[in-house]
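Dear colleague,

Please find below the structure that I am handing over to you. My notes on it follow directly after.

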Amino acid sequence: MAIDATVLGRGPAAWMARIAELMEDLRRREDRIALALSLLIGALVGLVVVAFILLTGRLAAHLYPAGGAGWRRILAPTLGALLTGYLLFRFFPDARGSGIPQTRAAIFIYDGRITLRTVVGKFVCCSLSLGSGIALGREGPSVHIGSGIASVVARRLGLSRAQVRWLIPVGASAALAAAFNTPIAAVLFSLEEIMGDLHAPILGSVVLSSTTSWMVLHLVLGDEPLFHVAGYHLVSPAELLVYAALGIVGGLGSVAFVKLLLGLRRRFLQLPRSTLWVQPVAGGLVVGLLGYFVPQVLGVGYDQVDRVLSGDVILGMVILLAVLKIVATAVCYASGNAGGIFGPSMFIGAMMGAAVGRVAHLALPTMTAGAGAYALVGMGTAFAGIIRTPLTSVIMIFEVTRDYTIIVPLMISNLIAFYISQKLQREPIYEALAHQDGLHLPTGAFRPHAGRLRVNRAIREAPEPLPPALAAHHALDRMKDGTLTSWPVADSDGLLGMVRTADVAAAVGAGRGGATLGELLRDGESAGHDASLHFAHVHGDQPLGQALARMGEAHHTVLPVVSRANVRLLLGVVTLPDILAAYGVASADELPTAVLRDHE
Amino acid sequence: MSDPTRMDVESLPAASATVFVATFAAIAVAIVVLLLVDEWLARLDRDESRAHAANLYADGQRLLAAQRPHDASDRLASAVAIDRTNVVYQLGLAEASLADGRPADAETTLKAVLDRSETDGAANLLMARVLVREGRVDDAKSFYHRSVYGQWHGDSAGQRMRTRFELIDLLARHGTRQELLAELLPLEEVAPDSIGLRRKLGRLFIDAGSPARGVAILEQVLRRSPNDAAAYAGLGEAALVLGNYQTARADLAIAARLAPGDRVAAQQLALADTALALDPLRRGIGRRARLERARTLLNRSLDVHTACVPAMATTAAPPYTDGAADSARRALARPIAPSDGERRADGMLSLATALWNSVPVACRPTRTVTDRAVALIHAKLAT
């Protein structure tokens, strides 16, 4: 795309024509579009995130001046939560919460669509919320903002849906690189958590945008690292046992935090929708009251993390801060404030690590490093336990410290925390949050199958759903008209489940022809399950092998295909013969060996 | 291998070329505007942070001056946390930590400064002080030297001079005379022409075992400031070291008269008097008096030797000293006869010198004026 020498010396019209020609050339070359957009999105997102960080900091500095009165610490977060609660309810409903599950939903459900309104809302609401002292983080919102900018730009350029989807992690990595000053970890996080695939073919674009954004951050804010860490080293091999203990503490602390957050959020979601705008005030008030007595609980708290990392540790205080931050962040997030849990995870981890390190150093002063080293490893440990991205957490701490010697203790501690967290809290936090919002995002188990035959290849139009109040003998009459072995049952809110023709016939045969389909469905459910979430179903982007496995588990040969955004929205059905036809075989006897192996 | 930047393209972008150009132009404009806004915000942020850090630093310095080093180090740590590149804040924090009795923390802070700027004069000086506090005098000396030859901001000559004098004071307390002299000699040429400094320098030369240089400098001082009691005291001390007890007495008497409250000068005057009374080499005394003084000195030296026998056992004293002690006892047992001449006096002085030299320096008493006078006379005899 070198500028033609003949253009030099000509007038503006010639220049404009040449630029238009270059742009047209760019438009026709997908590799160049990818390259140009990676760089531009990296720079743009980097600048927006830097503005977000600076504005949040300035707002906080004005709301909490040095030597300010204690009442400010109660009033500011409460009023901040009230204002953002209203803005979120009235203008920016999609800007609530962290932003990571929303970003993943944009990729896997909404064809990469994140609106400009959401981006603006996230920026404004999170600035207000975090600046006022709400105990949430800026990284998740930054990821949502970055992804949103990438989405807006891509859609504005008229790129295909697939291209728009691919650009979401490009924006996400740029945002994280600027927000956390760790470009490599940003790339890994985008691939490991956002995409769920470390081998995604967009690696080059993600790296480019992350690097560009990081350079912008350093251009504007200088070379100051986010945390100032002294050079730590392993004092004795026996110290690895203490790091293992930190992994256990970190794992249990992470599970406590996740369970508390999810439990509280479930309760808030059960409140009437009309209270949605005022719910964040609960978070603001709690953090304000805690902050009145312990100001370090307010806000992201990276200053406190920095002090702890430099070894400024008082045992009682770090234990108190870990507990209070778990409570404050859980309440703030669950009540619907805007902000993420990425930063608070680091804070909680640093405090837990400092506490373990301090105790170890008091007990074994000659065999252990200072508490700061443990605080550092604790950050990664909590991240691995809460966010469940062990690789990202190791690289992130490595990037923060630039010290190779910390890697081994970090890996030991992280893996133990990750294992404990996985055992005690099966669903990762972002997937659980999405589930609470009715979004069924693809899980890790799904990802290796991506690229194989999908359910969409075998989907067929669903029959007219039967109402739950329909009596069994009437239902049987309707079922006889069709060829399906199971039928969807739905009320005005959507799908309730699938009822087998054989079960209905058996009920009629047993003299229960008057029983309703709703009653028959309930008979088939295990006690305590929420029918709206737990009936057997598949999504269109899931592999056909998974649909077969699910048919086996549910003893149905017909499964409903439902939306990821709303599990009760019936999109069609998939049947066993259709699946076999999609594989190119006529019956189960002829199934390819590979398919059968998948099911085992 | 596939191109890593390749995207899954289904078709060409749907937007027209115009929209395409307009979008890229809008992005470019947005980048420029955001860059300006960010720079402005960052500058505001930096300015406010620096002002806040400066206030914290001023607070810390005030608290340090008010002897509240703990509170001071808290403020200064906050200032450093805000502006980590500011060496002045870091040095203030190190100073406060040292004053707060936490030399290890001060050392950590200073190491960080010296990692970035190993030639910083002030940082090296503080590190030297920290090491002195930790009892690592030899390590401290090298940091003093780095400080002397390091970079200083403003009044570098004065700072270097003060650092040299601090090192010299340290050497006067902990170093050897050669080290002290090695520091003083270059200083004689470069020290500013201030009476106070020259006076101090003169006295240091005397301490370093170069009394002639000290006398020359102090005489220059007296030519400019004839009533300088400290200079007279210095001259008196130099004369004591040189064995000119009469001169010493005269100078110290003037010093005591000019500064009646100077207890040190008064003590030195008493020392000169005692030395004069004990000195067997003093001119004008008769043969008998010389014999008496030699006998007194031998008696005193034998006492010191006897008292120091246990200490000498551990320091492997020369075997002949036992014989010298016996000879001394025999010489002292024999009364002075009118016929005794210079030879007997010289013999007693030789024995006294042998006994004195056999005693370790650390064991030689200095508690009383007489003890110190004996030591002075032995030093004179050694020359």
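How far apart are the axes of helix 11 (residues 229-242) of chain B and helix 13 (residues 263-278) of chain B, and at what angle do they cross? The two axes come within 11 Å and cross at roughly 30°. Axes here are lines fitted to C-alpha atoms, for helices over the stretch in contact, and angles run from 0 to 180 degrees between N-to-C directions. Helices (H or I, at least four residues) and strands (E, at least two) are DSSP runs, numbered from the N terminus.

Before the remaining findings, a note on the source: this is a predicted model, in which local features need pLDDT of at least 70 and side-chain atom pairs count only at pLDDT 80 or more, while totals for chains, interfaces and linings use all residues. Residues are numbered from 1 along each chain as its sequence is written, and chains are lettered from A and ligands numbered from 1 in the order in which they are written.

Packing in chain B

The angle makes helix 11 of chain B roughly parallel to helix 13 of chain B; angles under 35 degrees count as roughly parallel, over 145 as roughly antiparallel, 65 to 115 as roughly perpendicular and the rest as oblique. The crossing of these helices is left-handed, a term used if the near helix is turned anticlockwise from the far one by less than a right angle, with right-handed used if clockwise. Helix 11 of chain B contributes B:Ala229, B:Ala233, B:Gly236, B:Glu237 and B:Leu240 to the contact, and residues of helix 13 of chain B including B:Leu271 and B:Ala272 take part in it. Two residues are in contact if their C-beta atoms, placed from the backbone, lie within 7 Å. The residues of this contact are seven nonpolar, two polar and one charged (Ala, Val, Leu, Ile, Met, Phe, Trp, Tyr, Cys and Pro count as nonpolar, Asp, Glu, Lys and Arg as charged, and the others, Gly among them, as polar).

Helix 14 (residues 287-307) of chain B packs with helix 17 (residues 342-358) of chain B at an angle of about 20°, their axes being 8 Å apart. These two helices are therefore roughly parallel, and their crossing is left-handed. The contact includes B:Leu298 of helix 14 of chain B and B:Trp356 of helix 17 of chain B; its residues divide into 13 nonpolar, three polar and three charged.

Packing and pairing in chain A

Helix 10 (residues 239-270) of chain A and helix 15 (residues 371-386) of chain A have axes that come within 8 Å and cross at roughly 45°. That makes helix 10 of chain A oblique to helix 15 of chain A, in a right-handed crossing. Among the contact residues are A:Gly247, A:Gly250 and A:Gly251 of helix 10 of chain A and A:Gly378 of helix 15 of chain A. The contact has eight nonpolar, eight polar and no charged residues.

Strand 1 (residues 486-491) of chain A pairs with strand 2 (residues 494-500) of chain A in the antiparallel sense over six bridges; pairing requires that DSSP finds at least two bridges. A hairpin joins these strands through two residues, and A:Pro488 has A:Met498 as its bridge partner.

Confidence

The model scores ipTM 0.75 and pTM 0.69. Chain A averages a pLDDT (the predictor's confidence in each residue, from 0 to 100) of 85, and the mean for chain B is 85. In chain A, confidence is lowest in helix 25 (residues 593-599), at a mean of 42, and highest in helix 10, at 95. Over residues 1-10 of chain B the pLDDT is below 50. Where pLDDT is low, the predicted coordinates should not be read in detail.

With kind regards
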